[in-house]
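Please keep the sequence and the model in view while reading.

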Amino acid sequence: MFGANNTKTITISFNYDPAADDDLYVFKAPQQLEIVSASFACNNAVAASTANYFDLALYNGGTAGTATTAIAGTIGGTVGWSALTPKDFTVSNGTVTANQVVYLRYNEEGTGTFTAGVLQINYRLGQA
């Protein structure tokens, strides 16, 4: 009865520079869930730049992990990042069904990147 009000959190630490564009596995849903919010924070500042930056987006990869259905829009990019300050994703399609894969799309331009960061995903099991 109150399951939709029980928000849970997953945190994933990234302690390396991916060094190139990549799709990073986050988790496989054990059952249907709804991602209600998400954020990312890095430990270092990345100055605003049109040549050296990175951005992130969340995707639902489907059960094979190959689909590209956007869960949330892109964050970061040319505006830069402040150290230890989370940037919130805008979740537009947070429904993930059982056995679907959630991944983080990392896009790097030039040399702008993080040295370590934390992705936080807040979700509710079942249908909200």
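Eight aromatic pairs are counted, where rings of Phe, Tyr and Trp (its six-membered ring) pair if their centres lie within 6.5 Å, and planes under 30 degrees apart count as stacked, over 60 as edge-to-face and the rest as tilted. Phe-40 and Trp-81 make an edge-to-face pair, because their ring planes stand at 80°, with the centres 5.8 Å apart. This pair links distant parts of the chain, 41 residues apart: Phe-40 lies in strand S3 (residues 33–42), and Trp-81 in the loop between S5 and strand S6 (87–88). Strands here are DSSP runs (E, at least two residues), numbered from the N terminus. Tyr-106 and Phe-114 also pair edge-to-face, at 5.9 Å centre to centre and 90° between the planes.

This is a predicted model, in which local features need pLDDT of at least 70 and side-chain atom pairs count only at pLDDT 80 or more, while totals for chains, interfaces and linings use all residues. Residues are numbered from 1 along each chain as its sequence is written, and side-chain values use heavy atoms, with hydrogens and water left out.

Phe-40 has a relative accessible area of 0% and is therefore buried; the term means under 20% relative accessible area, with exposed over 50% and partly exposed in between (1.4 Å probe, protein chains only). Trp-81, at 3%, is buried too, as are Tyr-106 and Phe-114. The charged end of Lys-87 sits over the ring of Trp-81, 5.3 Å from its centre; the criterion is NZ of Lys or CZ of Arg within 6 Å of the ring centre and within 35 degrees of the ring normal.

Phe-40 is also among the residues with the most contacts inside the largest nonpolar core, together with Leu-58 and Phe-89. That core has 28 residues, a core being a set of buried Ala, Val, Leu, Ile, Met, Phe, Trp, Tyr and Cys residues joined through side-chain atoms within 4.5 Å. S3 gives the most to this core, with five residues.

Four strands form an open antiparallel sheet in the order S2-S8-S4-S5, where strands pair if DSSP finds at least two bridges between them. The edge strands, S2 (22–28) and S5 (69–76), each pair on one side only. Within the sheet, eight bridges join S4 (residues 53–60) to S8 (residues 101–109), and Asp-55 has Asn-107 in S8 as its bridge partner.
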